[in-house]
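Notebook open, viewer open. I'm jotting down what I look up as I go.

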Amino acid sequence: MKRTLAFLLLGLLSLPVQAQKMNKSKQAIAASVDKHQQALIAISDSIWALAETAFQETGSSKILADYAEKNGFKVERGVAGIPTAFVATYGSGRPVISVLGEFDALPGISQKAQPTKEPLNEGAAGHGCGHNLFGTASLASAIAVKELIEDGKIKGTVKFFGTPAEEKFFGKIWMVREGLWDDVDVNLSWHPAAKTEADVQSTLALVDFKVEFFGQAAHASADPWNGRSASDALELYTTGINYYREHIKPTVRIHYHIQDGGQVVNVVPDYSRIWVRVRDTKRSGMMPVYERVQKMAEGAAIMADVDYKISLISGIYEVLVNRSGGEIMQKNLELLGPISYTEAEEAFAKKIQEATGKPQVGMDSEIRPLEATREHPGGGSTDVGDVSWNVANINLGVTVAPKDTPWHSWAVVACGGMSIGHKGMLYAAKALGMTMADLFENPDLVEKVKAEYRERKGNTVYEPIIPEGPPPINMSDK
Ligand SMILES: [Zn+2]
């Protein structure tokens, strides 16, 4: 007996300092993630190798949904009219805490898990945003929480949302339209990053639309006077946009991708198409720019004497920040401490930095104090924004790539397929799970997070930027 006690004490003393400060639930969360580790790495690596793009993530979605089902979750597949979207639920009653998992890849950036640029499959997609880690870690956190509910340690419901097409089209908007978060108290999300932080910064609102011009074809030399050029209209349109840049606020971004500018040089093109995106740090700032850029299409069409058509694709809100939630997450990051890396991993990181022209400083997973929330954040956009205007939302960023790694690039793909990415994934799973455990165990924290959500949302009525009808699962020109 005494000997057992001595061993127990010794065992406790040998635990890392952080683990000693964790309560039983948090220790159980961490232990669950460790227990599932091998399976989680295999899942992440399979999704990484599949590298399926927006709305085509059939295999990746199935791998995650199957693992949820195997772990006792009730899984509803093909929700919101999206074949690869699903909801996995475990437990009953309140609180209802959910977590988001993305799993789509980016076209054209296939890469081996090595620190020099070389595609795994030439021309194929790659996980340049680490969504193979994203979906897997979030599911792992939900499973860890489920095990606590199963053991009778906490009461309530945990949900994992399999959310497709974040990189293009923004699948979550249709899931929100379906009311999938209506009964959720607090939602959590994370994103792979080059640093680790409880994320209390917003993102940019955006709108995507297509402009098509319809002219009259003719021989470019023999009878050009019979032609009305759709590509003239397109050039005039982009010229208008580029002049307009002088007169927009610094927070605004306008991008375009010319999808069709005509086919051959000896034909006056009768058709052209461009994908346009307008962003601003607030939806309210984005809308007038969106209106103006639409008007320019009409102007360009008049000048080239062609017809035009504008089709809305979709748009997303900026993220509604929740600092109360961020503070809970921050404490858990401080409990977990920074991720530690082996010499080989640091060497891999430095080679990535060398190859991408960045200072060779290696990994950064230091836990810094919670940042002040900036009024105008830089950076990108995410359809987590739309979720965050419909339910209180807590965000996390976790290191899965070296400091300053160019995002959406081969370098992120490389790290996401090896131990640097895996470590970030397992860490994220623990941080998310521990934060969920806090919410399950402390109803007052749930209330505090919800109260801040209500206050920040104020009287704003959420109006999704979304065309009528089903999601563009098979849009022909993507
Ligand atoms: Zn992403």
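**Entry 1: strand β4.** Why is strand β4 (residues 157-162) largely enclosed by the rest of the structure? I checked, and 6 of the 6 residues of β4 are buried, so the rest of the structure largely encloses this strand. Buried means under 20% relative accessible area, exposed over 50%, and partly exposed in between, with a 1.4 Å probe and protein chains only. T157, K159 and F161 point one way from β4, while V158, F160 and G162 point the other way, and all are buried.

**Entry 2: ground rules.** This is a predicted model, where local features need pLDDT of at least 70 and side-chain atom pairs count only at pLDDT 80 or more, while totals for chains, interfaces and linings use all residues. Residues are numbered from 1 along each chain as its sequence is written, and side-chain values use heavy atoms, with hydrogens and water left out. Helices (H or I, at least four residues) and strands (E, at least two) are DSSP runs, numbered from the N terminus.

**Entry 3: confidence.** I looked up pLDDT, the predictor's confidence in each residue, from 0 to 100. The chain averages 95, and 95% of the residues score at least 70. Over residues 1-8 the pLDDT is below 50, and this stretch has 0 contacts (heavy atoms within 4.5 Å) beyond near neighbours in sequence. Residues 10-14 also stay under 50, with 2 contacts beyond four places in sequence. Where pLDDT is low, the predicted coordinates should not be read in detail.

**Entry 4: partners of β4.** Two strands pair if DSSP finds at least two bridges between them. Strand β2 (residues 86-91) pairs with β4 in the antiparallel sense over 6 bridges, and G91 has T157 as its bridge partner. Strand β3 (residues 96-101) runs parallel to β4, joined by 6 bridges, and V96 stands opposite T157. From β3 the chain crosses through helix α5 (residues 131-150) to β4, a right-handed β-α-β crossover. Right-handed means that, with the strands pointing away from the viewer, the path from the first strand over the helix to the second runs clockwise.

**Entry 5: another sheet.** I traced an open sheet of 4 strands in the order β9-β11-β7-β12, with antiparallel pairing. β9 (253-260) and β12 (307-316) stand at the edges with a single partner strand each, so one side of each has no neighbour in the sheet. Strand β7 (residues 205-214) and β12 are joined by 9 bridges, and F213 stands opposite Y308 in β12. Helix α8 (residues 283-304) packs on the sheet, touching β7, β9, β11 and β12, and its direction makes about 5° with that of β7. For such angles, axes are lines fitted to C-alpha atoms, for helices over the stretch in contact, and values run from 0 to 180 degrees between N-to-C directions.
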